[in-house]
Amino acid sequence: MKRMKQMVTVLLVLTVLMASGCGKKDGFGATQKTYFFSYKVDSAYVCSEYEGYTPEAGNQLLVASVTLKNTFGEEIEMYDTDFQAQWGGSGEDDFSLPITFNGTEEGLATLTQEQLPGVYTMAKGESRTGLLIFEVPDGYQDFSISYMEAFDDDSTGDTFFVNFTAETR
């Protein structure tokens, strides 16, 4: 339950930051360096179906390949829900968590082995590349994937954005 409260807080802060226009145009390959790890979006595309998963009517899927590297001094536990996709920037609901999130601690299963799992551990210095898949409204191609630092004492740090334009497939 503590994790859910932290996630709600993170979502609210990220939504406010996006609405205020924070961030810069980074593009693919731009690396963001957080307190715990670095990450970059290698490529991304939108599509109407992925591995048998079809989004709700009026939505499309954003499939983003990301590379992470643990730069922290020890092993860290990661969650795919540490990341969210944003678009538009003018509404409170202009964000999405990965499709594996369904409001429960267990979440949904991944669709392929290339997809980042809901929960995983990264060893000190380890790099990992995987897919984050989001359900987003039809018609958008400009997105950002963000991460907000969250610490064990329930405090938050900086928020990081990688902005990009997704291809259509």
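**Aromatic pairs.** I then looked up W87 and Y140, a tilted pair at 6.4 Å centre to centre with 50 degrees between the planes. W87 sits in the loop between strand 5 (83–86) and strand 6 (95–96), and Y140 in the loop between strand 8 (127–137) and strand 9 (142–150), so the pair ties together parts that are 53 residues apart in sequence. I use DSSP runs for these elements, numbered from the N terminus: strands are E runs of at least two residues, helices H or I runs of at least four.

**Basis.** I note that the model is predicted, that local features need pLDDT of at least 70 and side-chain atom pairs pLDDT 80 or more, while totals for chains, interfaces and linings use all residues. Residues are numbered from 1 along each chain as its sequence is written, and side-chain values use heavy atoms, with hydrogens and water left out.

**Accessibility of the pair.** Is W87 buried or exposed? W87 counts as buried, at 5% relative accessibility, whereas Y140 is partly exposed at 32%. My cut-offs are under 20% relative accessible area for buried, over 50% for exposed and partly exposed in between (1.4 Å probe, protein chains only).

**Other rings.** I found Y35, F36, F72 and F151 linked into a cluster by ring pairs. I also found the charged end of R169 over the ring of Y45, 3.9 Å from its centre. The test for this is NZ of Lys or CZ of Arg within 6 Å of the ring centre and within 35 degrees of the ring normal.

**Strand 5.** I checked which way the side chains go: F83 and A85 point one way, Q84 and Q86 the other, and all are buried. Strand 5 pairs with strand 9 in the antiparallel sense over 4 bridges, and A85 stands opposite I145 there. Strand 5 also runs antiparallel to strand 6, joined by 2 bridges, with Q86 opposite F95. Pairing here requires at least two DSSP bridges between the strands.

**Two loop residues.** Q115 lies in the loop between strand 6 and strand 7 (119–122) and is buried, with a relative accessible area of 5%. Beyond its neighbours within four places in sequence, Q115 is in contact (heavy atoms within 4.5 Å) with I99, T100, T110, L131 and I133. G58, in the loop between strand 2 (37–47) and strand 3 (59–70), is partly exposed at 46%. With the same exclusion of neighbours within four places, G58 is in contact with P137 and D138. I also noted that G58 and S48, 10 residues apart in sequence, are 10.0 Å apart, C-alpha to C-alpha.

**Nonpolar cores.** I define a core as buried Ala, Val, Leu, Ile, Met, Phe, Trp, Tyr and Cys residues joined through side-chain atoms within 4.5 Å. The largest has 28 residues, and those with the most contacts inside it are F37, Y39, L62, L68, F83, I145 and F164. Which strand gives the most to this core? Strand 2 does, with 5 residues. Strands that each supply at least two residues include strand 4 (76–79) and strand 10 (156–165). A second, separate core of 8 residues includes C47, V63, L131 and I133.

Note on methods. Rings of Phe, Tyr and Trp (its six-membered ring) pair if their centres lie within 6.5 Å; planes under 30 degrees apart count as stacked, over 60 as edge-to-face and the rest as tilted.
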